[in-house]
Amino acid sequence: MKKILLIYNPNSGTRKSARYLSQVLEIFTEHGATTTALPTLKRGDAKDYVMEYGPSHDVVVAMGGDGTYNEVVSGLVASGLTIPLGYIPAGSTNDFAASMGLSKDIPKAAEDICLGSPVPVDCGLFNDRTFTYVACFGAFAKASYDTPQDVKNILGHLAYVLSGAATIADIRPIHARVTVDGKVYEGNYLFGAVSNSTSMGGILKLKPEDVDLSDGLFELMLVKASQDIIEIGDLVRAVAMQDYASTPMLTFIEGKHFSFEIPEAVDWSLDGEYQKGLPEVIIENKFKVINLIKR
């Protein structure tokens with residue numbers, strides 16, 4: 001009989017984790033599993049739970065938003081555990097779950113964990129901190145961690161769009177020198193992101209054929225700053241059409257190793273959570289270190 005460690009965030013999204021908890025436990029039991037369910041009470045709990053209780057279980061399941069999933073993955077990486085990981089998306093945007101094609105229906109997501117198989121996927125290191133699908137700075141990045149939870153609960157990913165739009169007047173160009181696998185890019189940017197996802201905050205989208213979550217590569221997007229109306233128009237069209245190679249306003253490339261040198265340390269968002277800025281940031285792809293259950 002499998003032993004499942006279920007870590008859930010009772011406050012994520014519209015508090016769906018708490019409302020569906022008994023149903024999820026029932027589904028796991030019907031499939032012959034015994035489950036230990038632990039609620040997160042503060043930031044860091046999910047990572048600590050994995051490190052303390054993960055070794056005595058066969059499967060770890062994260063139920064909550066991208067932040068909960070991030071912490072569970074961080075616990076697996078920190079402890080060196082390679083046991084299968086299930087994800088029941090119950091947050092506001094669930095970007096990573098959407099990229100993986102995981103069900104938004106909580107009972108079905110629980111059922112899929114029982115009937116699915118582990119698939120290896122990549123994650124990343126931001127200096128020494130783990131992230132699962134995106135590290136970004138600049139325009140809209142602050143909205144992902146600065147939007148109050150109750151607003152996220154009500155508006156979902158629209159909250160990110162509205163909060164991001166409210167900060168447009170405050171956007172200023174960020175000078176950065178970015179080295180990707182030895183090649184240097186330097187300029188003034190409005191936004192930068194290293195991602196392993198088809199969606200970033202429900203705002204920026206990548207085509208599924210452009211993203212492979214287990215190829216050892218991340219996608220880098222840099223958005224240049226400009227006052228030229230024509231260039232800005234080209235940028236808007238490129239984003240709307242997801243045709244990021246059609247404008248010099250955008251740099252869109254793949255790589256394994258990224259170095260960011262930013263004279264004025266700007267704050268970042270890692271999987272929607274706050275990360276204090278540093279003058280130099282090293283981002284690396286960790287190849288197939290997570291075994292995510294898919295059906």
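Let me start with Ser214, which is partly exposed, at a relative accessible area of 23%. Buried would require a value under 20%, so 23% puts Ser214 in the partly exposed class. Keep in mind that this is a predicted model.

Where does Ser214 lie? Ser214 sits in the loop that runs between β11, residues 204–205, and β12, residues 218–224. Setting aside neighbours within four places in sequence, Ser214 is in contact with Pro120, Val121, Asp122, Phe287 and Lys288. Take Pro120: 94 residues separate Ser214 and Pro120 along the chain, yet their C-alpha atoms are 6.5 Å apart.

That brings me to strand β5, residues 117–126. This strand pairs with β17, residues 280–294, in the antiparallel sense, through nine bridges. Within that pairing, Pro118 is opposite Ile293 of β17. β5 is also joined to β6, residues 129–131, again antiparallel, by three bridges. There, Gly124 faces Phe131 of β6. The β5 and β6 hairpin has two residues between its strands, and Asn127 takes a positive phi near 55°.

Now the helix I want to show, α3, residues 66–79. Its 14 residues reach 20 Å from first C-alpha to last, close to the 20 Å expected at 1.5 Å a residue. Is α3 mostly covered or mostly open? Mostly covered, with eleven of the 14 residues buried. Among the buried ones are Asp66, Tyr69, Asn70, Glu71, Val72 and Leu76. After the helix comes Gly80, with a positive phi near 75°.

On to the cores. The largest nonpolar core has 39 residues, and the ones with the most contacts inside it are Ile7, Val60, Tyr69, Val72, Leu76, Leu85 and Leu292. Which element gives the most to this core? That is α3, with four residues. In soluble globular proteins, nonpolar side chains tend to be buried together.

Ile7 is worth a look on the screen. Beyond its neighbours within four places in sequence, Ile7 has contacts that include Leu38, Tyr49, Val50, Val60, Met63, Thr68 and Val72. There is also a second, separate core of 22 residues, including Val180, Val194, Ile262 and Val266.

Last, confidence. The mean pLDDT of the chain is 85, and 87% of the residues reach 70 or more. Over residues 145–169, however, the pLDDT is below 50, and this stretch has 45 contacts in the model beyond near neighbours in sequence.

Definitions and conventions:
Residues numbered from 1 in each chain as written. Predicted model: local features only at pLDDT ≥ 70, side-chain atom pairs only at ≥ 80, totals over all residues. Heavy atoms only, no water. Pairing = 2+ DSSP bridges. pLDDT = per-residue confidence, 0-100. Contact = heavy atoms within 4.5 Å. Expected span 1.5 Å × (residues − 1). Buried < 20%, exposed > 50% of the residue type's maximum accessible area, 1.4 Å probe, protein only. Core = buried A, V, L, I, M, F, W, Y, C linked by side-chain atoms within 4.5 Å.
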